[in-house]
Every structure is written in structure tokens, then in C-alpha cells.
Amino acid sequence: MIALDLLADSIPPVHTSDTIQKVLDRMVEFRLRHLPIVNEEQFLGLLAEDDLIAESNYQTQIGALALSLVNPYVLEDQHIYDVIRLFYEQQLTVVPVLDAKNNYLGLVSINAITEYFAKITSVSQPGGIIVLEISNKNNSLAHMAQIVESDNAQILSSYVQAYPDSTRMEVTLKINKQDISAIIASFLRYEYDIKASFNHTDINDTARDRYDSLMNYLNL
């Protein structure tokens, strides 16, 4: 996926003729703290909410202000990871997207990034989660997938988190099966270190056990 695929068409940029009040209202409407300033197709910079709230006259036009504009952007064909890096490093709520001639095309909002992560991590799909702690020399996703598939299941998504100054890493697997007890047992047989697991079936079974215990108590 590239930056162009996540453009938010419904969020218009700021123009130098816009008033401070209009820009602040737009930020509130879209729940953003940043908006790009554009002169026709030319990208001038990224406007922050902090640049505006200290001004006394909210009817002042943006073009009349002495703003300390930051200039972060990505090109339309850059990978979405480059967009995420800007969000993270500069604590932004939008990232402007330009074409090869540096003309403004649109922006990627923080909401679009949230939706993107929801899709790639399959959070909306039911299933179990297994967190493994492994050596970085034994990071074979193919072998992990083989273990999962041996129980007629599939890995919906996975991601890796490395520990600083360590040869260990954490691998999180989202699996399309709620009862993952047999898969966990298989990982243990292959001497994987299970750091955590989240099994919806376990939660339901626990609730059922508590209900049965209550009924037995009331029957007494």
C-alpha cells in the first residue's frame, strides 16, 4: 500500500485567506490538530493548532500571521510505512501527500492510519492470539505457520517486536480459531516460549463455570 491509497478526500486544506476561526472550527470538526496550507496546488507547510490558539483576534486571516510552519510530507508513491514514520516521529494528526512535482494532492489522517492497522491486524475478525518470545535466530514464520496449520487453522496476521540490546524478540500471532489450546500445546512441544495467549473460548468457559457453580450453590 502507498500513500495515495489512503488520501482523505473529505478534509479540505487551509488557504491563506481563511480566518483563524474557520481553521480552528475545521480542526474541531475533523478532530485534528494539524492542517496543510495550500496556495492553489502549492503546498506551503503544515499548520498546527498551537500556532493559532495564542492569537487574540480569530478573524485574522492565516496569510497575515507569522507562522513557524513545519514542512513534513510524503510523495504519492511512498510506502505507507513512511507515512507512519512521520506520524510517529513528529506526533502529527495528518500527513500531506504531494506528487512528483511537489503539488498538493491531499492528506492522510490519523483515522485512516488507525483503520489501516485494524485491517492488517485483523482485529475485527474473531480468533485467538498467541504471543511468543523467541530468539532472533529462530524467527521462522514458516515453521510457526506450519504448527498453526497442523490444527486446521491459519495465521490472520503477525507482527514482531524486538527488545533493545537483546537477542530475544516477541512475535504476536492472530489466529482464525478461538479455541487455541491445541495450538498452544503444539508450540510448547516444539519448545517455544509462550509469553501470553488470549483465548475467547477460555473466557466463555470461565463464565460458564462460574454460572454452574452458582447454580449448584443455589440448589444447596
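The legends below describe close-up views of a predicted model. Local features need pLDDT of at least 70, side-chain atom pairs count only at pLDDT 80 or more, and totals for chains, interfaces and linings use all residues. Residues are numbered from 1 along each chain as its sequence is written, and side-chain values use heavy atoms, with hydrogens and water left out.

**View 1. Division of the chain into domain 1 and domain 2.** Domain 1 covers 3-117 and domain 2 covers 124-201; these bounds come from an automatic or database domain assignment. The two centres, taken over C-alpha atoms, are 39 Å apart.

**View 2. Segments listed by UniProt as "domain: CBS".** The unreviewed entry gives residues 1-62 and 67-123; such annotations may be inferred rather than shown by experiment. Residues 1-62 are 18% helix and 21% strand, with 34 Å between the end C-alpha atoms. For residues 67-123 the figures are 39% helix and 23% strand, with the end C-alpha atoms 40 Å apart. Helices (H or I, at least four residues) and strands (E, at least two) are DSSP runs, numbered from the N terminus.

**View 3. The open sheet E3-E4-E5.** Its 3 strands show mixed pairing, where two strands pair if DSSP finds at least two bridges between them. Strand E3 (74-75) and strand E5 (104-109) are at the edges with a single partner strand each, so one side of each has no neighbour in the sheet. E3 pairs with strand E4 (residues 94-98) in the parallel sense over 2 bridges; Leu-75 has Leu-98 in E4 as its bridge partner.

**View 4. Helix H2 against helix H3.** The axes of H2 (residues 80-90) and H3 (residues 110-120) come within 11 Å and cross at roughly 125°. Axes are lines fitted to C-alpha atoms, for helices over the stretch in contact, and angles run from 0 to 180 degrees between N-to-C directions. H2 and H3 are therefore oblique to each other; angles under 35 degrees count as roughly parallel, over 145 as roughly antiparallel, 65 to 115 as roughly perpendicular and the rest as oblique. Contacts (heavy atoms within 4.5 Å) join residues of H2, including Tyr-81 and Phe-87, to residues of H3, including Ile-113 and Phe-117.

**View 5. The open sheet E7-E8-E6-E9.** The pairing of its 4 strands is antiparallel. Strands E7 (155-162) and E9 (193-198) form the edges, each pairing on one side only. Neighbouring strands are turned by 20° against each other on average, direction ignored. E7 and strand E8 (residues 168-175) share 7 bridges, and Ile-155 stands opposite Ile-175 in E8. Helix H4 (residues 141-149) packs on this sheet and touches strand E6 (128-135), E7 and E8.
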